[in-house]
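Subject: Structure handover

Hello,

Here is the structure I said I would pass on. My notes on it follow below the entry.

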Amino acid sequence: MSATAGEEEKKSSSGTYECGCHCGYIKFSVTLSPPLPEYQVLQCNCSACTRFGYLLIYPEAANVKWHNDSRSRCATYQFNTKAKDQLFCPKCGASLAIDFRDFRKPHTYGVSARTIYGINLEELKYKKLDGMSLVKPAGDLSGHYWDEEKGEMK
Ligand SMILES: [Zn+2]
């Protein structure tokens, strides 16, 4: 890891995690600040999060390292506004992440904490979101994201 001068404090309060699908075809690492378990993982009840089993963390793309060209290996799914890609392993089908593409600046991913190797979901801190009620139509969060600083959906 590299850090420029003045980022020492930020660096010390972050953590890097190895992630991947079930079969090993997709592998990547994520650097998070604050690190787990201080990071509040988003647990949302919208239609997409329910189906895909998302427990989301939101690293900027610069903090996501795809190993062995794994990003291009991912199968993608889009719905509603089609502004985002839902990412899956094409071999084992594991639900991995959301690529916000141009929708969110800077480029950010919503990564399911379930992809972190050795993760203990019982030890995570969760922030529950009633996406089903807050985001229309019908709890479809496509094209929306959680604004960490403002604490609201955008
Ligand atoms: Zn797989």
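Please keep in mind that this is a predicted model. In β5, the bridge partner of Lys-27 is His-67. That bridge belongs to the pairing of strand β2 with strand β5 (residues 64–67), which is antiparallel and has 4 bridges.

On the pairing of β2 with strand β1 (residues 15–20): these two also run antiparallel, joined by 6 bridges. Cys-19 has Phe-28 of β2 as its bridge partner. The hairpin formed by β1 and β2 leaves 6 residues between the strands, and in this hairpin Gly-24 has a positive phi near 95 degrees.

Taken together, the strands form an open sheet of 3 strands in the order β1-β2-β5, with antiparallel pairing. β1 and β5 are the edge strands, each pairing on one side only. Ignoring direction, neighbouring strands of this sheet are turned by 20 degrees against each other on average.

The two faces of β2 (residues 27–32) are worth a look in the viewer. Phe-28, Val-30 and Leu-32 make up the covered face, while Lys-27, Ser-29 and Thr-31 are on the uncovered one. In a regular strand, side chains alternate between the two faces of the sheet.

As for the chain as a whole, its secondary structure comes to 4 helices and 12 strands. Of its 154 residues, 31% are buried. Among contacts between residues at least 6 apart in sequence, 58% join residues at least 24 apart.

Regards

Methods
Residues numbered from 1 in each chain as written. Predicted model: local features only at pLDDT ≥ 70, side-chain atom pairs only at ≥ 80, totals over all residues. Buried ≥ 20, exposed ≤ 12 C-beta atoms within 10 Å, placed from the backbone. Pairing = 2+ DSSP bridges. Contact = placed C-beta atoms within 7 Å. Axes fitted to C-alpha atoms, helices over the stretch in contact; angles between N-to-C directions.
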